[in-house]
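Biologist: I'd like to learn how to read a structure like this one. Could you walk me through it, feature by feature?

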Amino acid sequence: MQKTIAAISTAQGPGGIAIVRMSGDNAIEIADKIFNGRIKLSDAKTHTVHHGFICDGTQKTDEVLVTVMRAPNTYTKEDVVEINCHGGSVSARKILSLLIKNGASYADRGEFTKRAFLNGRIDLCEAEAVIDVINSKTGRLHTAAVNQLGGSLSEKINEIRDGLLSLSANLDVISDFPEEGLEPLSDEEYYNLLVRLRDKTKKLYDTADKGRIIRNGIKTVIVGKPNVGKSSLLNLLSGSERAIVTDVEGTTRDIIEEQIDLGSVTLAVSDTAGIRTTDDKVEKIGVEMSKKRASEAELVIFMLDAMREIDENDTEIFELINGKKTVFLVNKSENGINDSVKNFCADKENVIEFSVKNETGVDALNEKIAQMFDMGEISDGGGETIINERHKEALAGALESINSALKTLEDGMPSDMTFVDIENAVSKLGAVTGMSVGEEIVDRIFHSFCVGK
Ligand SMILES: Nc1nc2c(c(=O)[nH]1)N(C=O)[C@@H](CNc1ccc(C(=O)N[C@@H](CCC(=O)O)C(=O)O)cc1)CN2
Ligand SMILES: Nc1nc2c(ncn2[C@@H]2O[C@H](COP(=O)(O)OP(=O)(O)OP(=O)(O)O)[C@@H](O)[C@H]2O)c(=O)[nH]1
């Protein structure tokens with residue numbers, strides 16, 4: 001018998017209501033020991049809510065609402081009891097210790113969701129979506145994660161995996177039961193089916209780039225001559241109400257990036273402190289650091305000063321960034337734009353008239369960048385986006401194996417020579433949904449959850 005686990009599922013700190021959650025065979029029995037209401041919880045129908053008091057002996061602990069949910073149609077597929085008590089830091093903690101005293105065990109990080117996985121209610125990538133929903137800091141990432149909650153990514157993965165499995169079943173027919181009259185696929189049919197599965201895998205894999213941009217933001221540098229308003233722009237963008245500023249560790253190295261949520265797109269402005277200090281002298285714009293930053297950037301925001309003539313500082317910077325995806329942000333445009341700046345911009349795409357002072361142009365900037373990076377509506381066509389690095393790597397592995405199998409066939413080898421590659425691809429795809437991953441990886445994933453989830 002699984003032990004019954006309990007945890008506080010709401011955030012600690014001030015708040016109206018807190019939830020203490022319990023899951024396992026004894027959940028209802030344990031709750032009954034400390035609940036005082038009109039009926040016994042063990043007599044309650046599933047998915048019903050009951051008013052009463054949690055009591056420690058004769059002492060009332062709190063006035064509560066208790067939800068009783070019986071297996072199997074629950075979050076964990078086990079009996080679940082949720083005690084809704086008053087918020088603040090004490091009620092929930094007192095109730096949790098009463099539950100422990102009466103036979104429950106403290107839940108490990110992510111253990112409720114892990115049970116949902118182990119009991120087969122959700123697969124591994126749905127569980128990972130749960131954590132992404134909780135941790136997402138932008139509306140965009142949140143939407144992508146919520147879409148993954150319903151199992152639509154799993155469906156796509158399983159469809160490809162099933163296709164590969166039927167190909168390997170076909171190989172069995174050829175090698176094991178040649179005399180039974182089962183009609184194996186012709187070499188051409190086999191090849192064409194495999195091409196189709198490769199294309200599906202590739203299509204999914206190719207969304208990972210967009211997924212990375214949704215998760216981490218577009219690698220962006222802001223350049224411009226001294227005094228053009230770079231610091232002011234950053235302050236405006238990171239200080240504006242909908243913008244979110246966080247420090248994220250760069251995935252490859254420890255670059256500190258400032259994440260700025262513009263609404264449709266997130267920018268990862270790298271090393272902004274560096275921009276603020278090293279660019280204050282025009283000579284320094286060409287130094288290695290800036291060059292390197294600019295060369296690694298996916299987007300350059302090139303700030304121009306609407307009130308000053310274009311000078312060699314501007315042209316020097318322009319040469320440095322030439323060829324990069326660039327937004328020309330004409331700042332200080334609230335009183336009109338200088339002719340020389342107008343001329344400079346005349347043959348450029350992606351010019352935005354901006355004023356940090358009047359806070360105008362932010363929406364245009366958001367829309368322009370969204371357009372440049374094809375980050376329109378995420379929900380269009382219900383397309384899946386790979387937002388998880390683990391999924392991306394698994395898909396890359398699957399793709400490699402399928403391509404290797406195709407190569408074998410193209411080299412004129414018989415189809416049963418593709419067996420190992422097909423098996424590999426099946427296993428890689430199974431890793432995404434958790435069908436073929438080790439316990440260690442599963443543990444690692446759930447340990448990144450918080451307690452109570
Ligand atoms: N109070 C409370 N709110 C919550 C949760 C919770 O556990 N408790 N959730 C937890 O994170 C989220 C909702 N997610 C949930 C997902 C599945 C099931 C569930 O019981 N599924 C069953 C029954 C489905 C049905 O009958 O429609 C199942 O799939 O079999 C419950 C919550 C967000 N809000
Ligand atoms: N009129 C006007 N002034 C602005 C605008 N944006 C910034 N400024 C002013 O321009 C001056 C320079 O702004 P900063 O943000 O320090 O410029 P910077 O590019 O970071 O300057 P350096 O650090 O020297 O490279 C400040 O006095 C700002 O108040 C704007 O939209 N209109």
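Modeller: Gladly, and let's start with a contact: an oxygen atom of ligand 2 sits 3.0 Å from a polar backbone atom of Asn227. A polar contact here is a pair of N or O atoms within 3.5 Å; within protein, one must be able to donate a hydrogen and the other to accept it, and residues adjacent in sequence count only if both atoms are side-chain atoms. Before going on, note that this is a predicted model, where local features need pLDDT of at least 70 and side-chain atom pairs count only at pLDDT 80 or more, while totals for chains, interfaces and linings use all residues. Residues are numbered from 1 along each chain as its sequence is written, chains are lettered from A and ligands numbered from 1 in the order in which they are written, and side-chain values use heavy atoms, with hydrogens and water left out.

Biologist: Which other residues have an N or O atom close to an oxygen atom of ligand 2, as Lys357 does at 3.0 Å?

Modeller: Lys357 uses a backbone N or O atom at 3.0 Å, while Lys332 brings a side-chain N or O atom to 3.1 Å from an oxygen atom of ligand 2. On its own ligand 2 exposes 650 Å², and the protein buries 72% of that; such accessible areas come from the Shrake-Rupley method with a 1.4 Å probe, and for residues only the protein chains shown count as cover.

Biologist: What makes up the shell around ligand 2, by class?

Modeller: A residue joins a shell if one of its heavy atoms lies within 4 Å of the molecule. Ligand 2 has 17 residues around it, and Lys230, Ser231, Ser232, Glu334 and Val356 come nearest. By class there are four nonpolar, six polar and seven charged residues. In this scheme Ala, Val, Leu, Ile, Met, Phe, Trp, Tyr, Cys and Pro are nonpolar, Asp, Glu, Lys and Arg are charged, and the others, Gly among them, are polar. Helix α9 (residues 230-239) gives the most to this shell, with three residues. Helices (H or I, at least four residues) and strands (E, at least two) are DSSP runs, numbered from the N terminus.

Biologist: Which residues surround ligand 1?

Modeller: Ile19, Arg21, Asn73, Thr74, Tyr75, Glu82, Arg121 and Lys453 do, and they divide into two nonpolar, two polar and four charged. A polar side-chain atom of Lys453 lies 2.4 Å from an oxygen atom of ligand 1, and a side-chain N or O atom of Glu82 lies 2.6 Å from a nitrogen atom of ligand 1. The protein covers 46% of the 690 Å² of accessible area that ligand 1 has on its own.

Biologist: Is Asp374 buried or exposed?

Modeller: Asp374 is exposed, with a relative accessible area of 54%. Its phi is near 55°, a positive value in a residue other than glycine.

Notes: Buried means under 20% relative accessible area, exposed over 50%, partly exposed in between (1.4 Å probe, protein chains only).
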